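Where does this protein leave open space, and what lines it?

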Amino acid sequence: MKNILKIEDLHVSVDEKEILKGVNLEVGEGEIHAIMGPNGTGKSTLAYALMGKPGYKITKGKILFKGEDITNLPPFKRARMGIFLGFQYPEEIDGVSLENFLRTSYNSLNGSDVSIIQFRKMLLEKMKILEMDMPFLKRYVNVNFSGGEKKRSEILQMAILKPSLSILDEPDSGLDIDALRIVADGIKKMKEPEMSVIIITHYQRILHYIEPDFVHVIIDGKILLSGRKELAKELEEKGYDWVKEANGRKENGRII
């Protein structure tokens, strides 16, 4: 399986403070990777750096996407190449309906001008899976949305745009059990076989619904431990302090 993303010795600073301190990561086509770790350790910084958000300065290392160096590319070019970022706290866009926003994004990405009727048919098929009703389309993007509605809106965007790589920054944040189930089920059903997904979270609960191929633990700006899906359960039992304390020695045959 070929790599779609390769991160090499990535160092990222925000406001002159170094947050990421040498991250290395490879993601294969179609794989699901979970990035876990306590708050304030660099998980969201990694997501923003991959998307090229202004203010997140890459001071060392590089990012390769589909074999191309995108380290210095602006966000819109990364999006056109097939990278999607689902925000932990999605922005509100007052005055712009969700339907118009999605259709404009779709046309811009694909260089087409799909008709309103064709596009709405496509939308309604996806919305049914996410348990979203028709009036949702007329609402302004994320304005007065509940936490669950914002997350479903993000997953709907992912489903329509069909990126090669989806980075979901804490898609479980602020969700109750029912909303979490709907969002997680939506992610699974909307994921194309060749789509790679990075799920960033500090809780295991969403991984009860979405089974990752690999789990990585980031602490103090570095990935200290990587493993298969079982690692998430191990973290739930032992906590992140276990990773900190074991760093630099062998445990269960693994270098931590």
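Helices (H or I, at least four residues) and strands (E, at least two) are DSSP runs here, numbered from the N terminus. The model is predicted.

Start with the largest pocket. Its space comes to about 790 Å³. The lining counts 28 residues. Closest to the centre are Met51, Ala79, Leu85, Phe87 and Gln157. Several elements give two or more residues to this lining: helix H1 (43-51), helix H2 (75-81), strand S6 (83-86), helix H3 (98-110) and helix H5 (147-161). Which of them gives the largest share? Helix H3 does, with five residues.

Nonpolar residues number 18 in the lining of the largest pocket. Five polar and five charged residues make up the rest.

Turn to the second largest pocket. About 260 Å³ of space lies there. Its lining has 16 residues. Nearest the centre are Ile19, Gly40, Thr41, Gly42 and Thr45. Two elements, strand S2 (17-28) and H1, each give two or more residues to this lining. The largest share is from S2, with four residues.

How do the lining residues of the second largest pocket divide into nonpolar, polar and charged? Three are nonpolar, seven are polar and six are charged.

One element links the two descriptions. Helix H1 gives two or more residues to the lining of the largest pocket, and H1 also gives two or more to the lining of the second largest pocket.

Notes:
Residues are numbered from 1 along each chain as its sequence is written. This is a predicted model: local features need pLDDT of at least 70, side-chain atom pairs count only at pLDDT 80 or more; totals for chains, interfaces and linings use all residues. Side-chain values use heavy atoms; hydrogens and water are left out. On a 1 Å grid over the protein atoms alone, a cavity is a set of points where a 1.4 Å probe fits but cannot get out, and a pocket is an open set with protein on both sides within 12 Å along at least five of seven lines; lining residues have an atom within 4 Å of a point. Grid points are joined across faces, edges and corners, and a volume is the space filled by probe spheres set on the points. Ala, Val, Leu, Ile, Met, Phe, Trp, Tyr, Cys and Pro count as nonpolar, Asp, Glu, Lys and Arg as charged, and the others, Gly among them, as polar.
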